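Hello,

Here is the structure we talked about. Please look it over first, and then read the notes below.

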Amino acid sequence: MNDREWLAERFEENRGHLRAVAYRMLGSLTEADDAVQEAWLRLSRSGVSGVENLGGWLTTIVGRVCLDQLRMRKSRREDPLDVHVPEPIVSRLDTVDPEHEALLADSVGLALLVVLETLTPVERLAFVLHDMFAVPFDEIAPIVDRTPAAARQLASRARRRVQGTAPTPDTDLTRQREVVDAFLAASRGGDFEALLAVLDPDVVLRADAGAAPEGLSKLVRGARAVVEQALTFSRFAHFARPALVNGAPGLVTAQGGQPFSIMGFTITHGKIVEINILADLARLNRLDLTILDG
């Protein structure tokens, strides 16, 4: 085995971990894979001379790549962040995908990713690397061009935002699925009261239609307002199929093999507290939904 083959083998051993880091940083598996590939290119160019902890070194490299991507994204994005829904990881209800399970090992639901989108790039990096992957602040500090103490403050600010905003979902997947099934049945039947019964009074609906005509992307608050939106969905509800969306019961709506929305639900105390809908056709077309076939 030559040096490049040895390096490639060590990199593959770390690929799953690096994808998990990048997905939490970017909220997009396609962009995460690009970031991991960039890390490999940098590794293959520079080698590992003087590197004692290859996994840690690669993690910081992926962090730098993701930070650059977040900064570029923030500078060019014109859409308000309150209607940006990250790209979900979709799985079949009846099959546990080991790769997806590893990516979502610490319950990275859409609701959490939405909150991470509201952080500054450096806050997000400090929080993800330290709180999710236990990277020491001494190693985070050079990436964000701060002192370790300042990096700690970035993570602390991010932690307060996450803890104060991201809802904590129920852990009983069977009960969650029952709630989503009830939502789908009520949507198909146009049943206002049945929809109201499964929603928390302060439920939030976030729909991201990307570059579609103005008005399709929206943020809706309150049960009655969300029910009105759900009733407009009723004509499409017959095309919806249950799936796991970031490890929780959700819905994928498609017609003629063409997906046109993915709905992620956050359920707390048996009620839907958040609905995140990705209806951006450009991003939907980048997702691999063939796992749902059959």
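A residue is called buried at under 20% relative accessible area, exposed at over 50%, and partly exposed in between (1.4 Å probe, protein chains only). This is a predicted model, in which local features need pLDDT of at least 70, side-chain atom pairs count only at pLDDT 80 or more, and totals for chains, interfaces and linings use all residues. Residues are numbered from 1 along each chain as its sequence is written, and side-chain values use heavy atoms, with hydrogens and water left out.

First, the aromatic rings. There are 3 aromatic pairs in the structure. Rings of Phe, Tyr and Trp (its six-membered ring) pair if their centres lie within 6.5 Å; planes under 30 degrees apart are stacked, over 60 edge-to-face, and the rest tilted. One of the pairs is phenylalanine 11 with tryptophan 40, tilted, at 5.3 Å centre to centre and 55° between the planes. It joins helix H1 (residues 3-26) to helix H2 (residues 29-46), with the two residues 29 apart in the chain. Helices (H or I, at least four residues) and strands (E, at least two) are DSSP runs, numbered from the N terminus. Phenylalanine 11 and tryptophan 40 are both buried.

Phenylalanine 236 and phenylalanine 260 form an edge-to-face pair, with 70° between the planes. Phenylalanine 236 counts as partly exposed because its relative accessibility is 26%.

Next, the sheet. It is open and mixed, with 7 strands in the order E1-E4-E5-E6-E7-E2-E3. Two strands pair if DSSP finds at least two bridges between them. Strands E5 (residues 248-255) and E6 (residues 258-268) run antiparallel and are joined by 6 bridges.

Regards
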